[in-house]
Amino acid sequence: MRSDRKDTPDMFRSTRSRKAPAALASILALPLALTACGGSDNGSDSGGATTLRVLDYYNNDPGKTVWQKAIEACASQAGATVSREAVPGATLIQKVLQQASSKTLPDLLMLDNPDLQQIAQTGALTPLDTFGLNADGFAKGVVDASTYQGKLYGLQPVTNTIGLFYNKDILAKAGVTPPTTWEELKTAAKKLTSGSQYGLAFSAPANYEGTWQFLPFMWSNGGDEKNIATPETAQALQLWVDLMKAGSVSKSALNWTQADVNDQFRAGKAAMMVNGPWQFPVLDADTALHYAVVKIPAPAAGRPIVAPLGGETWTVPQTGNKDKQAKAAKVVACLNSDESQVNLAKQNQTIPTKTALLTSFSSSNPNVKGFADQIPTARSRTGELGADWPKAATKIYTAFQSALTGQADPAKALEQAQNG
């Protein structure tokens, strides 16, 4: 997720790191005729189409224009027009809470998926089963993120996660194959470290972006955010400590954002990196760079990878206007149709959330496969703790910062953070 949308403490945004501008002409191909939107009905504001107020945080291109076209197309099929406001991510939740208090909520609201439970908790959102919508066929982790107290409050068209990027030329020259286990990762990273080139780069700052990067190692080893002071999480943290102690990972990782990590990889200063598909445009712009992506290495051969899910979910606020709510629900359904999911994923460097679409989608781009293969087992950050997730995320990054800086061994660092 992206680190440029919120300041502390809410850096859930690290899941979409900073996207580079892309040529709009190549990405604005979303067709007007989208499926699953339902027919238009004749509810209107003043004899014309109903105008739906929309609020989201895609305030920069290319995302701003991609979503504008998608929303307008879906609204048109629902018999509505849109009045859209896109605000900086750092201000969205505060604005939504203010609107809930003043009863001025929009008709259609996009939320970063870890924020949904906080907003649903206030009673500001309408359960989607009210409109006959369900999440059948969606990845479980995505559904968990949009569910609060057993009720589905949002549908998420696309998602993202993190994988292991590698420089094909550097690995080939060193005779190294992409690692699939932790031991292979340590061996490969050490062999690929030479001079100013590190074997691996990851982002480990003291914020939620760092937590996001640590989660696939912690979760895949059986660690759990309800109590981080466990042997399973300590083993995952020991892996990070070992990589840094061996010199395979720069100590600068303690301050790097995911965008910084991408810069290191693109410059050839890191042979491998942990990052997300939002980096494709920047990397693809460098024609001299030959890279590929595989799943995050597992603790041991055959173990499943449990990675975190990013992305945004679309909701219908409690406005009291049943006609507009019904039309907004049609827009949500439309944005989540198969055709829409595929188009939005292609344009936003993300992954569809319906599992049946993953194989065909990833076949069109081999680099997507490393991410798509992780989606069925990926997890929502708020799936277990709901609105209390930020407390656990803070404990996690506090612990790994302590261990990586040598203040405490992994087990002690985790115990202190858990009980602090």
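1. Pro 205 sits in the loop that runs between strand E9 (198–201) and helix H8 (208–220). For the labels, helices (H or I, at least four residues) and strands (E, at least two) are DSSP runs, numbered from the N terminus. Keep in mind that this is a predicted model: local features need pLDDT of at least 70 and side-chain atom pairs count only at pLDDT 80 or more, while totals for chains, interfaces and linings use all residues. Residues are numbered from 1 along each chain as its sequence is written, and side-chain values use heavy atoms, with hydrogens and water left out.

2. Is Pro 205 buried or exposed? Its relative accessibility is 6%, so Pro 205 counts as buried (buried is under 20% relative accessible area, exposed over 50%, partly exposed in between, with a 1.4 Å probe and protein chains only). Beyond its neighbours within four places in sequence, Pro 205 is in contact (heavy atoms within 4.5 Å) with Gly 210, Ala 253, Leu 254, Asn 255, Trp 256, Tyr 397, Phe 400 and Gln 401.

3. Among contacts with a separation of 6 or more, 76% come from residues 24 or more positions apart.

4. The largest nonpolar core has 125 residues, and Leu 200 and Met 272 touch the most other members. (Such a core is a set of buried Ala, Val, Leu, Ile, Met, Phe, Trp, Tyr and Cys residues joined through side-chain atoms within 4.5 Å.) Helix H16 (residues 389–404) gives the most to this core, 9 residues. Which residues does Leu 200 contact, leaving aside neighbours within four places in sequence? They are Leu 164, Leu 185, Ala 189, Leu 243, Ser 248, Val 249, Ser 250, Met 272, Met 273 and Val 274.

5. Helix H17 (residues 410–419) is worth a look too. Its buried residues are Pro 410, Ala 413, Leu 414, Ala 417 and Gln 418. They span an arc of only 125 degrees around the axis, which puts them on the same side of H17 (the arc is that of the directions from the helix axis to the C-beta atoms). What do they pack against? The partners are helix H9 (231–245) and H16. At the N-terminal end, Asp 409 caps H17, with a side-chain oxygen 3.1 Å from the backbone nitrogen of Ala 411. That is a polar contact, meaning a pair of N or O atoms within 3.5 Å; within protein, one must be able to donate a hydrogen and the other to accept it, and residues adjacent in sequence count only if both atoms are side-chain atoms.

6. On covalent links, the structure holds 1 disulfide (a pair of cysteine sulfur atoms within 2.5 Å). Cys 74 is joined to Cys 334, S to S 2.1 Å. The pair links distant parts of the chain, 260 residues apart: Cys 74 in helix H2 (residues 63–77) and Cys 334 in helix H12 (residues 322–335). The torsion about the S-S bond of Cys 74 and Cys 334 is about -70 degrees, so the disulfide is left-handed. Both Cys 74 and Cys 334 are buried.

7. Most residues other than glycine have a negative phi, and most peptide bonds are trans. Here the bond from Asp 61 to Pro 62 is cis, with omega near 10 degrees; Pro 62 is in the loop between strand E1 (50–56) and H2. Lys 103 has a positive phi, near 55 degrees, in the loop between helix H3 (89–102) and strand E3 (108–112), and is exposed with a relative accessible area of 76%. Gln 149 has a positive phi near 50 degrees and is exposed at 68%. Gln 149 belongs to the loop between E4 and strand E5 (151–152).

8. Last, strand E4 (residues 147–148) contains Thr 147. The side chain of Thr 147 reaches the backbone oxygen of Val 143 at 2.7 Å. Not counting residues up to four places away in sequence, Thr 147 touches Leu 116, Gln 117 and Leu 152.
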